[in-house]
Amino acid sequence: MSEAMTVFSLGFTKKNAEQFFQLLRANQVKTVLDVRLNNVSQLAGFAKRDDLAFFLREVANIDYVAMPNWAPTESLMKQYKNGDIAAERFEDEFMDLMAQRNIERDVPHALLEHGCLLCSEHEPYQCHRRLVLQYLQQHSDLNLDIRHLL
């Protein structure tokens, strides 16, 4: 098996900008991979797509890449948030969606090494970014050392 590639995940909620950027810098993150379905929401504050790309570059010399193909569909997310489907069904359907999209085919290896998947949820266990990393670990030749930043 190949040497482990360190990859992080982070949710921006329950953090102010200082905490957020310090976590990224302290862990020597090179690229933020934005896996949010809606990355331009006014609720995102400093993490709104265009502002975040600017802040990452200027504050921490970190690259930003939007990865919309690594987000659930709006319909699936709405069903889950409204309580119309249980967490287990959401996970199964999202795993199936990633398989249909073949996300493992186009994994940007250079971006993943010391990259950080970004979403809004504070806890990775309540967020699809954990599922993306789990899927990539299982369906690619990547040996991922996954670290969730809180």
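Predicted model: local features only at pLDDT ≥ 70, side-chain atom pairs only at ≥ 80, totals over all residues.

Q: What is the strand order in the open sheet, and is the pairing parallel or antiparallel?
A: The open sheet has 5 strands in the order β3-β2-β4-β1-β5, and the pairing is parallel.

Q: Which are the edge strands?
A: The edge strands are β3, residues 63-66, and β5, residues 144-149, each of which pairs on one side only. On average, and with direction ignored, neighbouring strands of this sheet are turned by 25° against each other.

Q: How many bridges join β2 to β4?
A: There are 4 bridges between β2, residues 31-34, and β4, residues 115-119, and these two strands run parallel. As for individual positions, aspartate 34 stands opposite leucine 118 in β4.

Q: Which strands does α1 lie across?
A: Helix α1, residues 17-26, lies across β1, β2, β4 and β5, and runs at about 175° to β1. Helix α6 also packs on the sheet, where α6 touches β1, β4 and β5, and the direction of α6 makes about 175° with that of β5.

Q: Changing topic, at what angle do the axes of α3 and α4 cross?
A: The axes of α3 and α4 cross at roughly 170° and come within 10 Å. Because angles over 145 degrees count as roughly antiparallel, α3 is roughly antiparallel to α4.

Q: Which residues meet there, in α3 and in α4?
A: From α3 there are Leu76, Met77 and Tyr80, which meet Ala87, Phe90, Glu93 and Phe94 in α4. By class, the residues of this contact divide into 6 nonpolar, no polar and 1 charged.

Q: And the largest pocket, what volume does it have?
A: The largest pocket has a volume of about 500 Å³. It is lined by 24 residues, of which Met77, Lys81, Cys119, Ser120 and Glu121 are the closest to its centre.

Q: How does the lining divide by class?
A: The lining of the largest pocket has 12 nonpolar, 6 polar and 6 charged residues.

Conventions
Residues numbered from 1 in each chain as written. Heavy atoms only, no water. 1 Å grid on protein atoms, 1.4 Å probe; cavity = no way out; pocket = protein on both sides within 12 Å on 5 of 7 lines; lining within 4 Å. Points joined across faces, edges and corners; volume = space filled by probe spheres on them. Nonpolar A, V, L, I, M, F, W, Y, C, P; charged D, E, K, R; others polar. Axes fitted to C-alpha atoms, helices over the stretch in contact; angles between N-to-C directions. Parallel < 35°, antiparallel > 145°, perpendicular 65-115°, else oblique. Contact = heavy atoms within 4.5 Å. Pairing = 2+ DSSP bridges.
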